[in-house]
Amino acid sequence: VCSSDLIDGTTVLGTASGVEGTAITYPEYTAEEGYVYSWNPAGITTIPAADTAITLTRTAAESYIAFETNGGSAVATITGSYGDAVSVPAAPTKTGYTFNGWYSDAELTEPYTFSTLPASGIIVYAGWTANTYDAYFYVTYNGESTLYETVEDVAYGSTFTAPELPEEEGYSFTAWTPATFVMDAEGKDYYTTKTVNSYTITFLSEDGDQLQSTTQTYGAALNCPSAPTISGKTFTGWTGSDGSFIAEADIGTATVPAGNVTYTATYGTTPHTVTYYVDGEVYTTETAYYGGVIPTPAYTPATGKTWSGWNIIYDTMPDYDIDVTSTTSWIDYTITYYMSDSDDTVVATYTQQHYGDTFPVPADPELAGYSFAGWDDEPETVTGNADIYGLWNAHTYNVELVYGLEGEDSED
């Protein structure tokens, strides 16, 4: 009869005894996570010919940490045994993103802390934050590019909306180039080319016969033909199909308009003087021709005033000098004073105040329990409608409490 002791380190887990060849039943044992267990010597299933100690051996399991970088640069897997100390690897890189840490789940909700290798292999996942960049939009004209607009803080890879193309009378703009609006790393530049337009300019005689029709460039000196000479009439200028009029004296400085225009030769018989008045004072004079267009010089009213416009009662210039009148009127403003910004009681109202007038100020109001501290805004002159609010300081009072018994002198 022989026996076999089954030992875990120095602890005897059990003894199997019997005649040689009797089957050995191995005892149960508690296995710890992260370790591999084996009986040594291995492979003994029956009682041997001599007493034998069979030892349960515990070895740390092989383990690893693998890295899913989610589109970033590769990070080598960390291998070793359960419990081995590990360090945080160098952060991966990814174009257009900033690395924000490792996570234990693919949804990137649980940050992972590196310390030792786990009981079994795991995968950790890289988290990324998209960088933001600016898109710059330029207008190129005559070989020079000028910044037009900036779209700021666009996340890498995101689609963004380009600004509307510029609009400028007499010019055209090509579509933005490149034509896709998805943010690249380090920002993105876009360009539109500004091109001056050309228009068809046609000149007709008074009777409608074509004198000239050419393509001319916007803003360039207007190429006008010589007007036909008509007996008994004086050429006064060109009347455009767009409602414009180029006086004979201004032909040398006229420029090509922003559009296709047909000009018709316009004639008058005798030059006359048009005198323009504003509020009864002479503003300027112009020369106009009998039967021709009456000029309308520009006028800008003073600040705080409106202007009636020129009172022209003729469709065309009569055969004599004329006066053209106009008037200006003050815009009436209202100044309202209130008790305070929380009390809309009106203290005073001043109407028909005009721009530049000395700002009206009422007498100081009174309010029980308060001292008046002034008005919140008190300009020197009127510039428009205004609401002014009073400022107040609350009074403070002292309350003296005297101790004494009824019927006794309070000094005791």
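A residue is called buried when its relative accessible area is under 20%, exposed when that area is over 50%, and partly exposed in between (1.4 Å probe, protein chains only). By this definition, buried residues make up 32% of the 412 residues in the protein. The model is a predicted one, in which local features need pLDDT of at least 70 and side-chain atom pairs count only at pLDDT 80 or more, while totals for chains, interfaces and linings use all residues. Residues are numbered from 1 along each chain as its sequence is written, and side-chain values use heavy atoms, with hydrogens and water left out.

The secondary structure consists of 26 strands and zero helices; both are DSSP runs numbered from the N terminus, helices being H or I with at least four residues and strands being E with at least two. The radius of gyration of the protein is 49 Å, whereas a compact globule of 412 residues would have a value near 22 Å. This radius is taken over C-alpha atoms, and the globule rule is 2.2 Å times the number of residues to the power 0.38. Along the principal axes, the C-alpha atoms fill a box of roughly 155 × 110 × 25 Å. Contact means heavy atoms within 4.5 Å. Of the contacts with a separation of 6 or more, 49% are between residues 24 or more positions apart.

The side chains include 6 positive and 56 negative ones, and the centres of the two sets lie 18 Å apart. Lys and Arg count as positive and Asp and Glu as negative, with His and the chain ends not counted; the place of a charge is NZ of Lys, CZ of Arg, CG of Asp or CD of Glu.

A nonpolar core is a set of buried Ala, Val, Leu, Ile, Met, Phe, Trp, Tyr and Cys residues joined through side-chain atoms within 4.5 Å. The largest such core has 14 residues, of which I201, F203, L222, W238, I246 and Y263 touch the most other members. Two or more residues each come from β13 (198-204), β15 (234-240) and β17 (261-268), and β17 gives the most, with four residues. Not counting residues up to four places away in sequence, I246 touches L222, T236, G237, W238, I251, A254 and Y263. A second, separate core of 12 residues includes I65, V86, Y112 and F114.

T336 lies in strand β23 (residues 333-340) and counts as buried because its relative accessibility is 9%. Apart from neighbours within four places in sequence, T336 is in contact with V346, A348, T349, A386, D387 and I388. V293, in the loop between β19 (281-289) and β20 (305-307), has 36% relative accessibility and therefore counts as partly exposed. With neighbours within four places in sequence left aside, the contacts of V293 are T239, F245 and A288.

Some loops have backbone features of note. A cis peptide bond, with omega about 0°, joins N40 and P41; P41 is in the loop between β3 (35-40) and β4 (52-60). Another cis peptide bond, also with omega about 0°, joins T177 and P178, and P178 is in the loop between β11 (171-173) and β12 (188-196). L108 is not a glycine but has a positive phi of about 60°. L108 is found between β7 (97-103) and β8 (122-130), in a loop.
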